[in-house]
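Me: Can we go through this model together? I'd like to start with charges and rings.

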Amino acid sequence: MATRVDFPKYLQSLVESYKKQQHLYTLTDLQVEDRSQPRSAQNKPETKIDRLEVLAGLRKYVQQGNVLLVGKPGSGKSTVLLRFRWEWAREALKDRDRQIPVLVQLRSDRSIVEAICAEFRQAKLRVSQKEVDDFLLDGRLLLLLDGVNEMPSQQRRQDLQLFHDDNPDTPMIFTTRDLALGRSLGIEKKLEMCALTEPQMREFVHKHLPQHGDLLLRQLGNRLREIAETPLLLEMMCKVFKNSGKIPQSKGELFQEFDRQYEEFKRGAWVSDGFRRFKSEILQQLAFVMLQGDSQPPTDGWVAIDRARAEGILECWLHDRGVVDAPIKAKKWLEDLLKHHLLQVAAKPEEIEFHHQLFQEYYAGRALLKLLLERHIDASDDRRLQHFYLNYFKWTEPLAFMLSLLRDEVQAVRVVRLALEVDLRLGARLAGEVQREFQQRTVGLVDGLDVSLLLKAELLREVRSDEAIARLLKFVEHSHHCVRRSAADALGKIGDAQAIPVLLKLVEDSHSSVRRSAADALGKIGDEKAIPGLLKLVEDSDFYVRWGAADVLGNIGDAQAIPGLLKLVEDSHPYVRSSAADALRKIGDAQAIPGLLKLVEDSDSYVRNSAAYALGEIGDEKAIPGLLKLVEHSDSDVRNNAASALGQIGDAQAIWGLLKLVEDSDSSVRWRAAGALGNIGDAQAIPGLLKLMEHSDSDVCWSAADALGNIGDAQAIPGLLKLMEHSGYDLRRSAAYALSNIGDDRAISGLLKLVEDADFYLRWSAAGALGNIGYEKSIPGLIKLMKHSDSDVRKIAAHTLGKIGDAQAIPGLLKLVEDSQPYVRSIAVDALGKIGDAQAIPGLLKLVEDSDSDVRKIAADALGKIGDEKAIPGLLKLVEDSDSSVRSSAADALGKIGDDRAISGLLKLVEDSQPYVRSIAVDALGKIGDEKAIPGLLKLVEDSDSSVRSSAADALAGLKQILSPNKA
């Protein structure tokens with residue numbers, strides 16, 4: 001049985017940490033091969049590419065087993081995991097049975113269990129490795145394992161494989177850049193991140209450039225996909241354009257311009273003398289050495305590097321260039337890079353890394369370019385270039401960056417030729433990375449290969465250059481359908497609108513597989529000019545072609561397609577009807593409503609679900625009358641889907657129909673209707689929902705309580721208070737959440753009872769509800785609970801009183817700081833700090849000698865928050881504490897109080913053995929601003945730790961301004 005941990009606190013920390021960035025998230029898609037399809041007329045297994053919004057796809061497939069999410073560099077895999085974790089955490093706060101999402105960055109050399117412990121620690125929770133092992137055995141966690149391709153060694157990849165195999169009951173989502181490097185870990189379900197579609201790119205640009213988005217899009221024209229088809233590249237493009245109005249001509253130029261302008265993005269932060277001159281070269285050297293890694297094995301580079309090792313690399317490099325004081329400058333300039341450029345502290349604080357692996361590869365590519373231009377033997381000798389660079393997968397992206405910046409055609413062609421000798425696909429990829437004016441020759445090398453036509457078509461697809469389009473035309477006319485199909489696939493991968501006329505011919509091909517591939521390629525190009533040709537496929541004799549055409553028309557998303565799609569809603573095959581409904585949803589036009597209403601009554605359940613979802617997403621009230629007719633349908637599945645759509649539309653017109661459904665004979669319909677009423681949020685629904693609170697089906701009761709909480713009307717309080725006496729845990733918890741949302745002081749008495757409930761999680765839910773309501777009337781009851789025999793109840797009561805923040809609680813909390821349980825004392829101390837009243841100081845000062853270091857640390861924090869000089873004597877005792885975390889908290893608190901009596905104690909701490917303690921002591925001395933601190937601070941300007949040196953310099957600069965304000 002897993003050990004009890006305060007999961008609600010962890011989940012809430014995830015929700016809060018993501019709030020500031022949630023509005024910038026742009027929906028992206030993924031695709032997955034769906035092999036569970038009927039067999040063809042030739043009795044061959046058919047495969048359909050299923051395209052889904054990425055979060056919906058992860059939800060769907062993680063329920064079926066572990067998932068591997070594959071994507072290009074910068075495609076947004078890590079961003080997706082952050083969004084997925086946030087959404088899952090919000091749901092898990094309401095549903096105790098949901099797994100707890102934990103994000104693990106695989107680029108660290110920590111074990112996965114250690115990384116999980118560290119994630120909980122971010123939320124101020126101590127979780128042991130034994131407890132994590134219990135969670136894994138119980139299937140309590142949902143692991144989001146980011147960056148299989150960034151793992152630092154072969155041994156770590158083997159450890160990951162073992163971890164995956166040893167924990168079959170724990171659902172896992174892995175991300176990787178490329179299966180060739182990251183391996184598949186034996187995971188069958190592989191989801192591939194799609195390039196941003198044209199509408200998604202436009203949405204992204206308008207979010208990041210609300211004032212100038214249209215201007216950027218006009219200037220880019222049809223080159224948007226070529227330069228910036230991933231979220232990372234598009235964000236960089238927006239920043240560069242906003243700052244300078246420039247449009248880079250290639251990915252390499254985009255990075256080059258971003259590098260040049262980065263200091264302006266940082267608003268001209270102050271950096272050391274000489275830093276600007278060398279910063280780009282320093283980053284190139286560091287990236288190059290990190291990517292080289294150890295010689296054994298040569299396949300592995302370093303994603304992170306020990307800071308001392310990085311300083312040594314830079315010191316040698318600066319020394320070779322005759323830079324005076326190379327050791328000092330290496331330390332200082334590395335600190336400047338961490339503060340103001342594209343480096344950051346890694347998962348291990350003693351290590352550093354680039355903000356994104358692509359930046360590391362860009363700078364390594366710049367270093368390769370320098371080797372080539374300077375005719376270094378490793379780059380000028382063909383065999384050495386192949387042996388050291390072209391032969392290793394890790395150098396692929398740096399080579400691509402190098403070629404995009406190389407202005408020497410002869411050298412560019414040479415590198416592509418040598419790459420083709422090593423690996424045909426590598427050479428084809430690099431042929432499309434050279435500058436546009438060189439691509440005729442490099443793509444010609446690929447076209448001239450003596451290989452089969454099928455393989456040549458695949459290689460031209462890898463080139464991804466419009467230079468390949470004309471060369472593919474000869475394949476389009478080939479007698480064999482496999483060659484024509486491969487040509488269509490290649491044209492789709494290139495994604496250039498020039499290919500549309502050719503592909504429109506192929507949609508009339510005699511072979512159905514060619515027509516399907518042509519339709520898919522037109523969808524990838526995503527241009528509305530393709531719609532007339534695609535509409536021809538709506539009446540194709542092969543249902544796979546009709547199915548694919550519907551899917552593609554939906555991805556293009558233009559209302560011109562609606563008449564053709566409305567024909568398909570009456571198709572004889574359910575897969576086609578379902579795909580048509582989904583396409584109409586993506587287009588989102590009310591013209592589709594009559595056809596979709598027919599599909600809600602379809603004989604196929606999947607079609608019915610797609611149609612209802614589409615009606616809800618379109619969200620037009622014109623659909624309501626038709627949906628209301630369906631609430632009396634004989635098929636419970638139809639009624640269920642109608643309720644779902646009405647809830648998504650969210651209009652009060654639907655209430656009377658939904659109230660009928662809350663008394664439906666089918667429990668799933670009742671549950672769905674209650675949820676829909678909660679989404680609508682109108683008080684007219686309360687009487688019907690209150691009836692459901694007495695239903696025999698607990699799921700219906702739970703949904704009704706949740707709906708009443710969403711509506712938030714005090715009429716529901718008596719019924720919810722009654723539900724809090726139910727024997728079912730989930731029902732009591734949903735009642736607590738609902739009462740919290742309503743926020744009325746009449747709920748206090750019931751919630752106070754729940755704080756004493758036998759279930760730990762329910763106690764926390766009730767306490768959270770009381771904290772959210774925050775009325776003074778709850779304080780007396782909570783003060784009583786601080787005397788409870790159960791230490792958990794005492795802890796929860798103290799935590800809630802701290803959240804409410806009223807001084808009435810101080811006497812009770814001061815008694816609790818003498819509790820026998822250290823974790824109860826620490827919560828009480830923390831609550832006193834939140835209240836922030838000087839009455840608490842005598843009691844807190846007693847704790848400076850507490851036996852538990854956590855209690856002493858939190859006491860110091862609390863005294864700092866209160867900020868009264870009476871705390872100084874006690875805090876000065878803590879600066880000599882045996883625990884470094886206590887000493888650092890004491891220093892921080894003394895800085896917040898800001899009294900010069902603290903200087904003597906802080907000057908002791910500037911000689912502390914721990915650099916982070918010295919750094920905090922320096923900051924505190926800077927805040928006090930007294931000249932007596934200057935001698936001690938001057939010593940630290942040459943401290944062995946860069947963060948201490950930086951803090952000392954900042955403190956001295958601040959003192960200079962305070963003591964000589966007129967000279968600033």
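Reply: A charge sits over a ring if NZ of Lys or CZ of Arg is within 6 Å of the ring centre and within 35 degrees of the ring normal. Lys251 does that over the face of Phe401, 5.1 Å from the ring centre. Arg98 has its charged end over the ring of Trp88, 4.5 Å from the centre.

Me: And what are the ground rules here?

Reply: It's a predicted model, with local features needing pLDDT of at least 70 and side-chain atom pairs pLDDT 80 or more, while totals for chains, interfaces and linings use all residues. Residues are numbered from 1 along each chain as its sequence is written, and side-chain values use heavy atoms, leaving out hydrogens and water.

Me: What's the mean pLDDT of the protein chain?

Reply: The mean is 84 (pLDDT is the predictor's confidence in each residue, from 0 to 100), and 91% of the residues reach 70 or more. Confidence is lowest in helix α7 (residues 179–182), with a mean of 48, and highest in helix α20 (residues 409–422), at 96. Helices here are DSSP runs of H or I, at least four residues, numbered from the N terminus.

Me: Back to rings. Which residues does the cluster link?

Reply: Phe255, Phe258, Phe354, Phe359, Tyr362, Tyr363 and Phe401 are joined by ring pairs. Rings of Phe, Tyr and Trp (its six-membered ring) pair if their centres lie within 6.5 Å; planes under 30 degrees apart are stacked, over 60 edge-to-face, the rest tilted. The whole structure has 23 aromatic pairs. One of them, Tyr362 with Tyr363, is edge-to-face, at 4.9 Å centre to centre and 65 degrees between the planes.

Me: Are those two tyrosines buried or exposed?

Reply: Both Tyr362 and Tyr363 are buried, meaning under 20% relative accessible area; exposed is over 50% and partly exposed in between (1.4 Å probe, protein chains only).

Me: New topic: how many salt bridges does the structure hold?

Reply: There are 64, counting a side-chain nitrogen of Lys or Arg within 4 Å of a carboxyl oxygen of Asp or Glu. Arg366 pairs with Asp259, with closest N and O atoms 3.8 Å apart. That pair links distant parts of the chain, 107 residues apart: Arg366 in helix α16 (residues 357–373) and Asp259 in helix α12 (residues 251–265).

Me: How accessible is Asp259?

Reply: Asp259 has 5% relative accessibility, so it counts as buried. Arg366 is buried too, at 17%.

Me: What about α2, and why is it called largely enclosed?

Reply: Because seven of the nine residues of helix α2 (residues 54–62) are buried. Among them are Leu55, Arg59 and Tyr61.

Technical notes:
Helices (H or I, at least four residues) and strands (E, at least two) are DSSP runs, numbered from the N terminus.
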